[in-house]
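Work through the two exercises below with the sequence and the coordinates at hand, trying each task before reading its solution.

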Amino acid sequence: MTLSGKTALVTGGNRGIGLAVVRALAEAGATVHFTARSAANIAAAQRALGPIVATGHHANMTDRDAMTTLLDQGFDILINNAGVIGPIGRMLEVSPEDWARNIETNLIAAFHATQTALRHMVGKGGGTIVNLSSGAAHRPQEGWSAYCAGKAGLAMLTWSLHLEYGDQGIRVFGFAPGVVDTDMQVSIRASGINPVSKIPRENLAPAEEPARAIAWLCTPAADALAGQELDVRSPDLRRSVGLEALE
Ligand SMILES: NC(=O)c1ccc[n+]([C@@H]2O[C@H](COP(=O)([O-])OP(=O)(O)OC[C@H]3O[C@@H](n4cnc5c(N)ncnc54)[C@H](OP(=O)(O)O)[C@@H]3O)[C@@H](O)[C@H]2O)c1
């Protein structure tokens, strides 16, 4: 139970990768909290978690007052997981309003959560933040201009945070989870717009795989990797976490 005594908040913890991270952190001994956008989604997550104890909070990531109230509990670990893929479309096909909503969720809300969590972490002399990154942060994909720009911005937030607060015990990681079998990939496959959308479902990774790696990043074993953009497909990282090598 490597994370016992630690408190963690996972944003968007009601399904997909977030839910698997809630489970992995709780299994590692942390006291886990998560956000969801409705009471029904909290209840569904609790049902999926079964005997695993985690506290759900009804909050939209973009609601700064709600997120401040929640984060002022002072967590040791923040997982900036909540994210959206859309709008999917070439630049002449998407509206500026939808584009801005993506950036508001994937980047600005993550900045706000980070800033609020950080005040407490710096006061305590340490803390861990994991930002869910993507291959799209580093390589453009057709039809994903908002998603790519938001995730690229999030990668820069990771590096900036490490530069400014790494020497104050703040361990921050950008973590690309691979191509994972979640609802987000259902929307991506339906679009058919780029090579990622053509990957057959049977080739996608289960959410438990990145979740195990994220729980590992929250332990001191990952100290030397702090401040980096990491990818679950890295052979070295997989070895360290204890994940099977990819073919
Ligand atoms: N799946 C992949 O292959 C993949 C690859 C690279 C990176 N990622 C990243 O990994 C993270 C999780 O992805 P996923 O595949 O698990 O996605 P998902 O299945 O679509 O789940 C997204 C989660 O984020 C929540 N969310 C979205 N907007 C929110 C908001 N404004 N406030 C609060 N919660 C919000 C959703 O809540 P609702 O249930 O209310 O919608 C849901 O819990 C994302 O940051 C994604 O970009 C995923």
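The exercises that follow concern the ligand and the pocket around it.

This is a predicted model, in which local features need pLDDT of at least 70 and side-chain atom pairs count only at pLDDT 80 or more, while totals for chains, interfaces and linings use all residues. Residues are numbered from 1 along each chain as its sequence is written, and side-chain values use heavy atoms, with hydrogens and water left out.

**Exercise 1.** Describe the shell of residues around the ligand and find polar contacts to the ligand.

*Solution.* Begin with the shell, where a residue counts as near if one of its heavy atoms lies within 4 Å of the molecule. The ligand is surrounded by 28 residues, the closest being N14, R15, Y147, T182 and Q185. By class, the shell holds 11 nonpolar, 13 polar (Gly is counted here) and four charged residues.

Next, look for polar contacts, meaning pairs of N or O atoms within 3.5 Å. A polar side-chain atom of N60 is 2.8 Å from a ligand nitrogen atom, whereas a backbone N or O atom of N81 lies 2.7 Å from a ligand oxygen atom.

**Exercise 2.** Which helix gives the most to the lining of the largest pocket?

*Solution.* First place the ligand: the space that it takes is the largest pocket, whose volume is about 960 Å³. Of the 45 residues lining this pocket, N81, G83, V84, Y147 and M184 are the closest to its centre. Then assign the lining to elements: α6 gives the most, with five residues, and α6 also supplies the largest share of the shell around the ligand, three residues.

Terms used
A polar contact is a pair of N or O atoms within 3.5 Å; within protein, one must be able to donate a hydrogen and the other to accept it, and residues adjacent in sequence count only if both atoms are side-chain atoms. On a 1 Å grid over the protein atoms alone, a cavity is a set of points where a 1.4 Å probe fits but cannot get out, and a pocket is an open set with protein on both sides within 12 Å along at least five of seven lines; lining residues have an atom within 4 Å of a point. A molecule sits in a cavity or pocket if more than half of its atoms lie within 2 Å of its grid points. Helices (H or I, at least four residues) and strands (E, at least two) are DSSP runs, numbered from the N terminus. Grid points are joined across faces, edges and corners, and a volume is the space filled by probe spheres set on the points.
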